[in-house]
Amino acid sequence: MGAFVELKNVTKVYHMGEVDIRAADGIDFEILKGEFVVIVGPSGAGKTTVLNLMGGMDTCTEGQIIVDGTNVAEFDERMLTEYRREDVGFVFQFYNLIGNLTALENVELASQICADPLDAVEVMKEVGLEDRMDNFPAQLSGGEQQRVAIARALAKNPKLLLCDEPTGALDYQTGKSILKLLQSTCREKNMTVIVITHNQALTAMADRVIRIRNGKVSETKLNENPVSIDAIEW
Amino acid sequence: MNKTMLAADFFMEIRKNLPRFLSILLIVALGVAFFSGVRASKPDMQYTAEAFYDEAHLMDLRIVSSLGLTSGDLAAVQGIDGIEDAEGVYTADALYENDGSQYVVRLRSNTEKVNQLRLTEGRLPERPGECVVDRKLADKFGIHNGDVMTVTSGTSQDLSQTVSENRFIVVGIGVSPMYLWRNRETSSIGNGTVEGFLLVQKEIFNLGAYTEIDLTVAHVRELDSFGKKYEKKVDQVKERIEKIQKDHARARYDEISKQAETELIQAEAELQDAQKELDDAKQRLDAAQAELDQAKAQINAKIQEILTGQTTVEEQEAALQESSSKLEAAKTTLDQNRANLLNNQAALNAEGQQLEAARVQLQQSWNDWTNQGNGLQAERERVSGEEQKLDQMRADLENKRGQLEELQASLQASAYERGLANGQSLYGAELSPIESTDPGETEDTPSTENPAETEEPDPTENTATQNPATEDPSQVPPQVQQLQQEIADLESDISAKESEIAEAQANIEQGQSQLDATWTELDGIGRDLDSRISVYNSAVSELTAAMSQLALGEADYAQQKATLDAGMIALQTAKQAIANGQTSINSTQAELAGAESQLAKGKEEYEKNYRESKQKMQDATRELNDRKRQLLKMEVPEWNLLDRSFIQSCESFAKDADRVGAIGNVFPLIFFLVAALVSLTSITRMVEEKRTEIGTMKALGYQRYEIAAKYICYALLASVLGGVIGLILGQTILPRVIIRAYRILYNSLPATKAPLHLWYSVSSVLVAVLCTTLAAFAACYRTLRTPPAQLMRPEAPKNGRRVFLEKWSPVWSRLNFSQKAAVRNMIRYKKRFFMTVFGIAACMALLLVGFGLKNSVTAIGKEQFGNLQKYDASISLATTDVEPVEEVEETLRQDSGVKNFQFIYRTSIDAGNKKTEKAAYLTVVEDTKSFDKYMRLKKRGSDKTYQIREDGVVITEKLARLLGVKAGDHIYLTDSDHYRVEVKITAVTENYYLHYIYMSASQYEALYGGKPEYNEILTVNQKTTEKFEKTMGEKYLALDGVNNVVFNSNTEETIQKMLKSMDLIVVVLIVSAALLCFVVLYSLNNINITERRRELASIKVLGFYDRELTMYVFRENVVLTVIGILIGMALGVLLHRFVILTAELDLIMFGRSIKWYSYLFSVLLTLAFAGFINFIMHWSLKKIRMVESLKSVE
Ligand SMILES: Nc1ncnc2c1ncn2[C@@H]1O[C@H](COP(=O)(O)OP(=O)(O)OP(=O)(O)O)[C@@H](O)[C@H]1O
Ligand SMILES: [Mg+2]
């Protein structure tokens, strides 16, 4: 079984006036399908940059990003949009829900545009918000909002679920439940999930841990026996 | 951060977000430009006029009195305190002819100080025959310096009674502040409209009193003449004049009333004279009739006489004719006779000739016969010779035989010879007497005589003649033997000789008998001839006799002829005499007939005169009585003190300025409001965006004012810069544009003065600055009040809320999320909602006002000349005389190009009520039933038509509005003679151009006591092509009775041209609408996008295509635009209404309705502007970078 996601020498250079900032400086790694991947690294290492590149939100300066056999790095704007639409789900630290749509509508907003969506209400049930579907984001707690965000990402039935510090703004318990949701989704739906976190503890629950430092992959570690999130304490 | 850092940050902020800064700046500039510019237009109009007034020393007050003003009055006025200058002015109206049409010009006497002219060319008049002509006249008629203008009197009075000159050399062209306006005052002559003025020397006026005294008030020139202070000062002087006016008016009154009394007495005498004259005329007429009758009788007697004479002459003529014919017959006979005679004579002559020929021939024959006779004679002589010889021989023989016998033989021979000679001489004597009797006969005669003579000779004589030869022989006997021998020989010879002689004798005998026969024959012929001659002679004598008789007859004839001719001549003379008599009778008769017809005419005229005179006399009597009553009633006149507001052009200009001011108060306000709101929103938004920064700075310990200063300065800079740009551009451009539009009406206006107005500048900039800065301050204040910790955290997303629509699930469930989001967004971002709606509504409203104004303006031409004024041409008559007018009427009747025509009476009149008074045209209509063929009187906006009724007048809508009256109210009408009547309004009719009052002829008669003198003909033509109208115009202008032909198509064109200026305003409105729309929508969209950047980025991340993303926002905008358009429509209609009501000129009524296509255009344009903004938005949405937008919460 070949790599589901493969990054080869991915480089992203920001030109800031005189200086070039190499946010990603020749990143190479592989991810297999259905893996739960955790990317860790110090602040400013280039984690978000890499994730954005994988999610088609940005284009890399150099290198290849092969997702399910196609090189995303060569996509033009429109193909990237289509890629985001059909193949990728995003979860951000700050949820980024549409404020004047209800929780369910936020989910439906994502599901209505892709070809093979999951049922929004089902997804809402899965994330445990069947009672709060008609609430507006502002009426939900941060964790609930993040669940809505996950539901929104999941409803699209993406090949790849990308999460950038999904628990960053949440308390321990809520964070944990969110991570649990992500892990179970990965396991149950055999979805490839990539999570960025600063929490070293979380590396235990990952199938694969990628460490990034200074825009380079410093270490890729396969976890033979990933533990359940419930077993992890920090 | 220290101060410099703050400053750096400030400029960084501007640079980083230049579009936002510029949009705030621009909208402030626009708002200020419009606000201050349009508002400055009113004072600029006033300044422009004021400068002109001051320069020209335009009178502040004018004194007029119905009785005129004397030099005493003038002196008194000049003595009043507070008066700078006062001058008396003469005016007189006259007609000026150009291109076949007559126009009224007002001659004004030159003034030295007050009401100076601004000369655009040339100099002031220095001699009586010089004038300065109104620029307007010069432009209209192409008059140049050096041209000669001839004016004529417009009344029956000779012009010389008023002014001593009627030919003026144009020495200058000028404009006067009294005549700013294109339209001039009304006049009592011509078509009633003063076309322009001519400034002439004072000396040429022959008027007894000044028409007016114009004066300037001291120390008011530096005041604003549209202001209160000015008014107050002028009023003070006014009061002072009022004080003295009483005495002066009284004096004038006395003078005039005395004069009037004498005039009255004179008029009475005149009236009596007129009556007497009328009676005299009657008498004269009767005398003439009697004379005529007498003359008629005389002529009839004469005719009788002539008739008798004629019969006599005719009888005579018949007799003469008869004798003449008889004479003629006699003449014929005579002529015939003569011809016969002549014939006879000719025959006779021929006979005569024949006779002559016969006689000649006879003569010939006689000659021949004589010759023959002579030949015979010769023969006989020869024979006689022979016989003599024989005898000789015998004698010899005898001698010989006997000597004895000898003697005997010889005796015998001598006797014969003697006998022959006698016969011959007798014949010659007998012939001559016949020859002398007649020449013709003479020749015949000899032949007749000859034979008679030739009878004489006898053959015996011949024998005798021969004898003498034979007498001698005598013989002796010795010789007897010989003698015997000889006798024997002789005997033989003798016998031979004897036989020979016998033969010859026989021959002669034969010849003789032949001769005799010839003679007998000839004699027969001769006798015959003689008898013929005698017959001939008798015929000749007969002819001669006949001839003489003919001559006699002819002489007789000639005599008779002469008599006849004499008779004829006498007859001719008689006839001539009769003819002469006839002619003289005829001529007398003709004369009589002439006299009779003249008499008849005289009678008719007399009757007409009588009627007229009677009418006139009645009128005069009535007038006299009126005047008497008036004189009794006549109060001491008041001086009318008129200030500048009574100068039509000044007043209407002031009003127009007020109108512009009124528009300036409302119109730009909308703009300004929008601008203020937009800048307010932008600034607020900016501050809100910077909450983290503010929080941080606050947390870092910066003072509030230090933090707020940045935003307040930002707002201040943007608004002050924008404001200054706006006020400079606005106050220089807009007043010029507006005044340029008005200049079309006020064409005498000098160059526009558009200074910057401190108040408008400061106030508008101040308001703009305050709006934005206060907004910034308020926003900062609000933000700064929140604790820094909270500020550093992202602002809690705005609460989503259910909207009312969600309760209506059938609709709601049908909406997709972006639609739902759109609905909720609109309601959530209320500020933006109202701003956008307001911006679009304002844009829509401005466009609608723009197009609507255009509609309203076009309506003047289209409605007035398309739907209301149905007539195509109006022919104004030069005279009311019957003949030329009839000629015009006849020409019209026969003109196949003219479908219908009708006579009307049209005159300038002042219509008013207690409140106000307006100049209008009074139109008196003879045939009110068919009048709608020419002019449709109807209610605006409905099909209801009006008839001109007997009990009132129909007035036009604008006039009704200006006077504030409606149907059923009463107004008064004052004509140019100041005669005032009161009328009831029966209907108010739709009308867009000029003011009209329609009245029926019968009512006119009832009001004015006389039939209207129709002075205009309205025609409906077959065609309205330029060519047709040109020919028609020329045709009618050529007629004596026609003064002018005006085609509605021309008028329409002129008006359209005049109102072309409105296009400018329309363009200004459209451009400003577009600008407003852009700035507002752009700013709002910008705010919208920045405000929702995160949301939009999230949606982008979800994989929305650009188009879908645009639609997500666009939907809201569409709805907002639609709502904005709808509100704008309502707003536009109201604004349009307001604008046309305030902006329209007095003489014009703008169309009230906006056409459907104007709505359409406005909607389409608004959509286009909005669409363009949304297109721009599409690009800015595309440019949203997800990564940066989502990275953190700002
Ligand atoms: N848009 C940008 N322009 C310039 N430099 C950028 C941009 N985005 C990221 N960088 C730079 O690239 C580097 C990597 O940034 P990135 O956001 O990937 O870090 P990170 O590993 O996610 O850090 P953190 O854990 O703090 O989120 C940083 O040094 C950052 O300054
Ligand atoms: Mg990061």
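Residues are numbered from 1 along each chain as written, while chains are lettered from A and ligands numbered from 1 in the order of writing. The model is predicted, with local features requiring pLDDT of at least 70, side-chain atom pairs counting only at pLDDT 80 or more, and totals for chains, interfaces and linings using all residues, and side-chain values use heavy atoms, with hydrogens and water left out.

**View 1. Ligand 1 lies between chains A and B.** Of the 16 residues around the ligand, those that come nearest are Ser43(A), Gly44(A), Thr48(A), Thr49(A) and His198(A), a residue being counted when one of its heavy atoms lies within 4 Å. By class, this shell divides into 6 nonpolar, 6 polar and 4 charged residues, with Asp, Glu, Lys and Arg taken as charged, Ala, Val, Leu, Ile, Met, Phe, Trp, Tyr, Cys and Pro as nonpolar, and the others, Gly among them, as polar.

**View 2. Polar contacts of ligand 1 with chain A include one to the side chain of Thr48(A).** Two or more shell residues each come from β1 (5-16), β2 (19-31) and α1 (47-54) of chain A and from α28 (1186-1191) of chain B; the largest share, 3 residues, belongs to α1(A). Elements are DSSP runs numbered from the N terminus, helices being H or I of at least four residues and strands E of at least two.

**View 3. Helices α5 (residues 142-155) and α6 (residues 172-189) of chain A cross at roughly 15 degrees, their axes coming within 10 Å.** Axes are lines fitted to C-alpha atoms, for helices over the stretch in contact, and angles run from 0 to 180 degrees between N-to-C directions. α5(A) and α6(A) are therefore roughly parallel, and their crossing is right-handed. Angles under 35 degrees count as roughly parallel, over 145 as roughly antiparallel, 65 to 115 as roughly perpendicular and the rest as oblique.

How values were computed:
Polar contact = N/O pair within 3.5 Å; in protein donor to acceptor, adjacent residues only side chain to side chain. Left-handed = near helix turned anticlockwise from the far one by under 90°.
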